[in-house]
Amino acid sequence: MKKITVIGTGYVGLVSGTCFSDYGNRVICCDIDAKKIDRLKNYDIPIYEPGLEPLVRKNVERGNLSFTTDISNAIQESDIIFIAVGTPMSPSGEADLSYVKAAAEMIASHMNSYKVIVVKSTVPVGTGRMVQKLIQEHIGERLVSFDVVSNPEFLREGSAVYDCMNMERAIIGSTGEQSADIIRELHAPFETKVLVTDLETAEMIKYAANAFLATKISFINSIANLCERYGADVGHVSEGMGMDSRISGKFLQAGIGYGGSCFPKDTEALRYMSQQVDYDFSMLDAVIQTNEAQRMIVVRKAQDLLGDLGGKTIAVLGLTFKPDTDDLRYAPSLDVIPALVRGGAYVRAFDPVAAHEAEMLLGTERITYYRDLYEAVEGADLCLILTEWEDVLHMDLARVKELVKQPKFVDGRNCFSLELMRQRGFSYRSVGRPDVD
Ligand code: NAD
């Protein structure tokens with residue numbers, strides 16, 4: 001049993017802290033957001049993440065998990081301290097490290113004995129060393145020792161609990177054997193593959209992994225755009241490519257590109273890191289540009305089907321960047337809906353969990369929000385799919401056809417087979433596949 005503090009109780013801190021507590025460790029999750037901590041104390045989970053609430057409840061009741069804003073006390077009570085605060089994108093593309101630095105300073109101020117300080121946030125190469133230096137400077141003459149470890153997180157929103165409990169690998173970047181062994185031991189119950197490296201290598205692994213997945217997505221989207229011009233079907237191209245185990249079919253689904261809180265900011269941060277050392281990472285530039293252009297493809301397809309968008313009603317189905325999360329950070333909907341509105345359309349926006357949050361971000365001018373898909377499609381000239389929620393994948397197409405004004409679909413996620421949409425009598429435009437009229 002280890003005593004752990006997790007600083008930052010967001011998607012990563014809350015899920016990983018809860019999973020560590022489930023394996024019998026004593027975990028204190030801290031946050032500066034008092035409202036978040038109050039909600040958690042009442043089992044009111046501030047994020048939408050399947051399976052998280054019962055796991056939190058179980059471990060709080062067992063006495064293994066607690067929530068607090070009293071970070072100083074938590075630090076003193078723990079042997080291992082995880083930093084899991086946000087590292088958002090700053091205007092230059094650089095990762096904003098102000099939250100990481102604030103957490104490190106707080107740790108330094110309250111440390112009373114040897115601690116292993118683990119950076120779980122995604123941070124630019126060199127940050128672990130910077131944290132080490134910063135803490136050392138703050139400690140000054142006090143006789144307390146510590147080690148800094150990099151242990152990047154690989155969970156996916158929407159399946160975060162599953163991913164954490166069944167983690168494929170743990171990367172442990174350290175400056176010494178003692179701290180690496182402590183963190184390796186912490187991962188033993190997960191029965192996962194462990195790779196121990198130095199700090200810089202561990203930090204680079206996280207960016208390299210995310211940039212590589214983003215590259216696969218932009219690559220298949222470029223192939224999809226070619227398929228449209230040559231009359232090929234990208235669904236089958238992906239399937240055929242994925243049969244080669246060297247390639248794998250994962251992350252080869254054509255669509256409107258990647259979004260969310262990780263890929264856009266991590267690819268930008270890696271680009272910034274390259275610029276800092278005068279390295280021309282032109283492949284990464286292309287990945288980012290391809291992704292930005294891909295979002296607008298569905299707007300052009302809507303124009304192809306409707307002509308002028310002025311005065312038309314468009315039901316946008318799905319607002320989050322992927323299903324099973326309420327996260328709207330860098331979601332394609334945040335670019336697509338304003339473009340439709342600028343074109344003069346009225347938008348009826350559906351999302352089963354993030355409709356309210358989307359309203360806060362996009363406002364209500366020419367946009368109405370629904371948690372029910374069938375209400376959203378009523379009277380629509382076009383349905384435009386942005387997120388493959390279960391509600392979207394399993395919608396009753398016959399009922400939708402009765403409710404809409406025109407039976408027209410633009411599908412940014414290739415949710416339906418061309419045969420099905422032909423049979424049901426829809427005009428259907430998807431990504432990288434032949435049109436159905
Ligand atoms: P988040 O924004 O959901 O949560 C961060 C939390 O940290 C917030 O609750 C905030 O209030 C808190 N915080 C900020 N400063 C603090 C401080 N000084 N003391 C205590 N709490 C503080 O962020 P997230 O999505 O969990 O991401 C955290 C890190 O993990 C980021 O670096 C991100 O890139 C990385 N990551 C995220 C994911 C993901 O799917 N979200 C996956 C892998 C890695």
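1. Helix H9 passes helix H10 in a right-handed crossing. A crossing counts as right-handed if the near helix is turned clockwise from the far one by less than a right angle, and as left-handed if anticlockwise. Helices are DSSP runs (H or I, at least four residues), numbered from the N terminus.

2. The model is predicted: local features need pLDDT of at least 70, side-chain atom pairs count only at pLDDT 80 or more, and totals for chains, interfaces and linings use all residues. Residues are numbered from 1 along each chain as its sequence is written.

3. H9 spans residues 199–230 and H10 residues 234–242. They pack at about 135°, with axes 9 Å apart. H9 is therefore oblique to H10. Axes are lines fitted to C-alpha atoms, for helices over the stretch in contact, and angles run from 0 to 180 degrees between N-to-C directions. Under 35 degrees is roughly parallel, over 145 roughly antiparallel, 65 to 115 roughly perpendicular, and the rest oblique.

4. H9 brings Ile220, Ile223, Ala224 and Cys227 to the contact; H10 brings Val234, Val237 and Ser238. Contact requires C-beta atoms, placed from the backbone, within 7 Å.

5. The protein chain has domain 1 (3–197), domain 2 (206–293) and domain 3 (296–429). The C-alpha centres of domains 1 and 3 lie 38 Å apart. Six residues of domain 1 are in contact with seven of domain 3.

6. The ligand is surrounded by 27 residues, the closest being Gly8, Gly10, Val12, Ser121 and Thr122. The cut-off is a C-beta atom, placed from the backbone, within 6 Å. Helix H1 (11–22) and helix H5 (98–110) each give two or more residues to this shell.

How values were computed. Domain bounds come from an automatic or database domain assignment. Two residues are in contact if their C-beta atoms, placed from the backbone, lie within 7 Å.
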